Amino acid sequence: AKETVRDEDIIARYGGEEFAIILRGSTKDGATQLAERIRELIAAQPYLFEEKKIPVTISLGVATFENDNFASEDKLLAATDGNLYKSKENGRNQVTAD
């Protein structure tokens, strides 16, 4: 995914198997498009374990500070996390943004 983001973007491990990408100055549409590209790249990548191909997919949640829509960073993170869980609940291997 590092090749897919800009130099000024930040990729960080957020939890056990959760990661965050901080996109400075991105719109919801731009962030959603990037998330979809990353989802497609992961799903297309062959992963091998003991010479067996293992399908790997990811679920993503997107939220952005746009038009003063969140009162704090904590509310932004809560919305992102909620969108991630919506992706998981709706079948996984998808991007959810609101």
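**Basis**

The model is predicted: local features need pLDDT of at least 70, side-chain atom pairs count only at pLDDT 80 or more, and totals for chains, interfaces and linings use all residues. Residues are numbered from 1 along each chain as its sequence is written, and side-chain values use heavy atoms, with hydrogens and water left out.

**Overall fold**

The protein chain has two helices and six strands. Helices (H or I, at least four residues) and strands (E, at least two) are DSSP runs, numbered from the N terminus. Along the sequence their order is β-β-α-β-β-β-α-β. The C-alpha atoms fill a box of roughly 50 × 30 × 25 Å, taken along the principal axes.

The protein chain holds 98 residues, and 22% of them are buried. Buried means under 20% relative accessible area, exposed means over 50%, and partly exposed lies in between (1.4 Å probe, protein chains only). The chain exposes about 7,300 Å². Carbon and sulfur atoms supply 50% of that area. Accessible areas come from the Shrake-Rupley method with a 1.4 Å probe; for residues, only the protein chains shown count as cover.

Contacts are also counted by sequence separation. Contact means heavy atoms within 4.5 Å. Take the contacts between residues at least 6 apart in sequence: 46% of these join residues at least 24 apart.

S1 and S2 form a hairpin with five residues between them. The two strands pair in the antiparallel sense over four bridges. Strands count as paired if DSSP finds at least two bridges between them.

**The largest pocket**

The largest pocket contains about 1,300 Å³ of space. The search uses a 1 Å grid over the protein atoms alone; a pocket is an open set of points where a 1.4 Å probe fits, with protein on both sides within 12 Å along at least five of seven lines. Lining residues have an atom within 4 Å of a point. Grid points are joined across faces, edges and corners, and the volume is the space filled by probe spheres set on the points.

The largest pocket is lined by 38 residues. Phe19, Ala20, Ile21, Gly61 and Thr80 are the closest to its centre. Strand S1 (10-13), strand S2 (19-22), helix H1 (28-44), strand S5 (60-62) and helix H2 (73-89) each give two or more residues to the lining. H2 gives the most, with seven residues. By class, the lining has 23 nonpolar, eight polar and seven charged residues. Ala, Val, Leu, Ile, Met, Phe, Trp, Tyr, Cys and Pro count as nonpolar; Asp, Glu, Lys and Arg count as charged; the others, Gly among them, count as polar.

**Individual residues**

| Residue | Relative accessibility | Class |
|---|---|---|
| Val5 | 10% | buried |
| Ala35 | 7% | buried |
| Glu50 | 65% | exposed |
| Glu51 | 80% | exposed |
| Thr80 | 23% | partly exposed |

Thr80 lies in helix H2. Setting aside residues up to four places away in sequence, Thr80 touches Gly61, Val62 and Ala63. Thr64 is 16 residues from Thr80 along the chain, and their C-alpha atoms are separated by 8.3 Å.

Val5 belongs to the segment before S1. Because its relative accessibility is 10%, Val5 counts as buried. Beyond residues up to four places away in sequence, Val5 touches Ile11, Ile21 and Leu34. Val5 and Val62 are 57 residues apart along the chain, with 15 Å between their C-alpha atoms.

Ala35 is part of helix H1. Ala35 and Val5 are 30 residues apart in sequence and 10 Å apart in space, C-alpha to C-alpha.

Glu50 sits in the loop between strand S3 (47-49) and strand S4 (52-54). Glu51 is in the loop between S3 and S4. Glu50 has a positive phi of about 50° although it is not a glycine. For Glu51, also a residue other than glycine, phi is positive and near 65°.
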